[in-house]
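Subject: Structure handover

Hello,

Here is the structure for you to look at. My notes follow below it.

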Amino acid sequence: MLKGFREFILRGNVLDLAVAVIMGGAFGAVVTALVKAFFTPLIGMIAGKKTFADLKFTVAGTDFPVGDFINAIISFVLIAAAVYFFVVLPINTLMARVHRGDKPPDPTTKQCPECVSEIPIAAKRCKFCTAQLA
């Protein structure tokens, strides 16, 4: 199940992406609130800060809010997991059940017995080695 989730994240399938955008927008506020209410304080305690959102580092007088970035990553992973486990996985399972009885399409090519190349099924001579075909 987690392998499928990893493939979903890395694949970028257009249909999956469209569903993710729609569902991500719907779940965005809820997940952001969850991250700020529970994960931010928990990680903040581990990091020794009052709130995780306060984590930052300064270079040449400029603050880099690392906590906000990590909050966004946590939100993304939670939204993607919700979309995958509650939308994509059930739809893929349903589609697999629907198409289980479908037979594969008839082949359009065959293999030449001499040179083992793919040739059209109606060919009488191989276009690569010119062998006569039965």
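Please keep in mind that this is a predicted model.

I started with Leu89. Leu89 sits in helix 3, which covers residues 66–98. Its relative accessibility is 25%, so Leu89 counts as partly exposed; the buried class needs a value under 20%.

Next, the aromatic rings. How many aromatic pairs does a search of the whole structure find? The search gives two.

The cut-off for stacking is under 30 degrees. Phe57 has a relative accessible area of 42%, which makes Phe57 partly exposed. Phe64 comes out at 37% relative accessibility and is also partly exposed.

The other pair is Tyr84 with Phe85. Here the ring centres of Tyr84 and Phe85 lie 5.0 Å apart, with the planes at 80°. Why is this pair edge-to-face? Because the planes of Tyr84 and Phe85 are 80° apart, and over 60 degrees counts as edge-to-face.

Are Tyr84 and Phe85 buried or partly exposed? Tyr84 is buried, with a relative accessible area of 5%. Phe85 is partly exposed, at 26% relative accessibility.

Best wishes

How values were computed. Residues numbered from 1 in each chain as written. Predicted model: local features only at pLDDT ≥ 70, side-chain atom pairs only at ≥ 80, totals over all residues. Heavy atoms only, no water. Helix = DSSP H or I, 4+ residues; strand = E, 2+ residues; numbered from the N terminus. Buried < 20%, exposed > 50% of the residue type's maximum accessible area, 1.4 Å probe, protein only. Phe/Tyr/Trp six-rings, centres within 6.5 Å; stacked < 30°, edge-to-face > 60°.
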